[in-house]
Amino acid sequence: MKKPPVWTLIIFAISLYIIMGIYADFEKLFSVMKEFRWEFLFILFFLTTLNYLLRFVKWNFFLKKAGIYLDIKDNLFVFFSGLSMIITPGKIGEIWKGWLIKDISGEKLSKTIPVIIVERITDVLGFVIISVIGIVCFQQIGYFVLVLLLILSMFWIIIRSKSVWYWIISKIENRMEKHAENLKTMHNTFEIITKPKYLILMSGLSAAGWFFECVGMYLVVLGFKEYINIVLSALVFSIASLAGAISMVPGGLGIAEGTLFGLLQFFGISSAKSVGISLVVRFGTLWYGAVMGMCIYLLFKRKIRKNIKI
């Protein structure tokens with residue numbers, strides 16, 4: 001899947017935010033933004049960074065289970081550079097991390113791509129763990145979470161199924177024999193890293209990491225002189241993030257924001273403040289990560305390995 005040019009995403013995001021401003025009434029939106037306690041944005045940056053660090057622990061865990069060992073400096077470079085791809089559909093651009101690892105250590109993509117895929121799955125499962133309270137509180141949201149969990153369960157069964165993979169490999173061997181061995185490697189890697197105990201443990205770690213961002217949203221709401229309890233903040237943030245993730249829209253743009261301010265309005269926050277909260281939360285999570293990732297890549301790409309050709 002070809003990644004849209006960055007400038008088109010920026011234009012799309014600006015257009016989206018203008019529409020949100022029109023919806024909220026720019027005059028009212030500017031007024032509530034002036035009253036916002038901006039120190040909470042920097043706290044959100046800090047909490048988002050803590051989430052990244054926990055997810056790096058998970059990333060490193062899966063790499064080691066797959067038999068991929070990188071120097072900590074190289075691994076941090078790969079992981080944080082990959083954040084620049086969070087504005088791609090479903091974050092599929094993070095597969096780029098596989099190419100970075102290949103340039104650094106020579107590891108085959110057939111070993112790294114399964115790690116990237118399973119890492120994304122545990123990210124989604126982390127949100128499911130947080131939002132499962134919706135099954136009790138909101139029936140419609142509960143159905144959404146259950147359907148998503150069912151889809152992920154089916155995917156888990158497929159990637160661990162020897163019969164399915166051997167059928168795929170047999171078909172590939174007849175037409176493209178040179179790729180059959182890579183598929184076998186991918187299946188072996190999936191088998192190792194998708195053991196139930198690993199998925200449960202790392203999904204729990206993901207939930208802990210994402211909860212930092214849920215707390216960040218809770219504080220942003222307080223910064224706008226509004227209040228919803230921490231549990232409700234976690235539910236709103238996780239549902240909006242899940243909606244953005246499964247939409248396959250780059251960065252979940254429009255979907256996540258719309259879900260955020262829609263739910264905030266549903267729970268009694270004015271349209272202007274709901275839009276303001278959504279803009280600040282997305283800036284402190286989505287755009288902060290994308291800019292951080294790009295800066296780290298540009299600053300350190302030549303220092304990691306003198307012989308890297310990237």
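The model is predicted. Helix 12 (residues 230-247) and helix 13 (residues 255-266) form one of the pairs, with axes that come within 8 Å. The largest nonpolar core holds 83 residues.

**Helix 12 and helix 13**

- The axes of helix 12 and helix 13 cross at roughly 155°. Angles over 145 degrees count as roughly antiparallel, and helix 12 and helix 13 are therefore roughly antiparallel to each other.
- The crossing of helix 12 with helix 13 is right-handed.
- On the side of helix 12, the contact involves Val 236, Phe 237, Ile 239, Ala 240, Ala 243, Gly 244 and Ser 247. Helix 13 contributes Ile 255, Ala 256, Thr 259, Leu 260 and Leu 263.
- The contact of helix 12 with helix 13 comprises nine nonpolar residues, three polar residues and no charged residues.

- Thr 259 belongs to helix 13. Apart from neighbours within four places in sequence, Thr 259 is in contact with Ile 239, Ala 240 and Ala 243.
- Thr 259 and Ala 243 are 16 residues apart along the chain, and their C-alpha atoms are separated by 7.5 Å.

**Helix 5 and helix 6**

- Helix 5 (residues 96-105) and helix 6 (residues 109-131) have axes that come within 9 Å and cross at roughly 145°. This crossing is right-handed.
- Lys 97, Gly 98, Trp 99 and Ile 101 of helix 5 make the contact with Leu 109, Thr 112, Ile 116 and Glu 119 of helix 6.
- Four nonpolar, two polar and two charged residues make up the contact of helix 5 with helix 6.

**Largest nonpolar core**

- Within the largest nonpolar core, Tyr 17, Trp 59, Met 217, Val 220, Phe 224 and Ile 277 touch the most other members.
- Helix 11 (residues 196-223) supplies the largest share of this core, 12 residues.
- Not counting residues up to four places away in sequence, Met 217 touches Leu 44, Ile 228, Ser 233, Val 236, Phe 237, Leu 260, Leu 264 and Val 281. Among these, Val 236 and Phe 237 of helix 12 and Leu 260 of helix 13 also take part in the contact between those helices.

**Thr 285 in helix 14**

- Thr 285 lies in helix 14 (residues 271-304). The relative accessibility of Thr 285 is 7%; buried means under 20%, so Thr 285 counts as buried.
- Leaving aside neighbours within four places in sequence, Thr 285 is in contact with Leu 44, Thr 48, Tyr 52, Ile 86, Glu 213 and Phe 237. Leu 44 and Phe 237 are also among the residues that Met 217 touches.

Notes. Residues numbered from 1 in each chain as written. Predicted model: local features only at pLDDT ≥ 70, side-chain atom pairs only at ≥ 80, totals over all residues. Heavy atoms only, no water. Axes fitted to C-alpha atoms, helices over the stretch in contact; angles between N-to-C directions. Helix = DSSP H or I, 4+ residues; strand = E, 2+ residues; numbered from the N terminus. Parallel < 35°, antiparallel > 145°, perpendicular 65-115°, else oblique. Left-handed = near helix turned anticlockwise from the far one by under 90°. Contact = heavy atoms within 4.5 Å. Nonpolar A, V, L, I, M, F, W, Y, C, P; charged D, E, K, R; others polar. Core = buried A, V, L, I, M, F, W, Y, C linked by side-chain atoms within 4.5 Å. Buried < 20%, exposed > 50% of the residue type's maximum accessible area, 1.4 Å probe, protein only.
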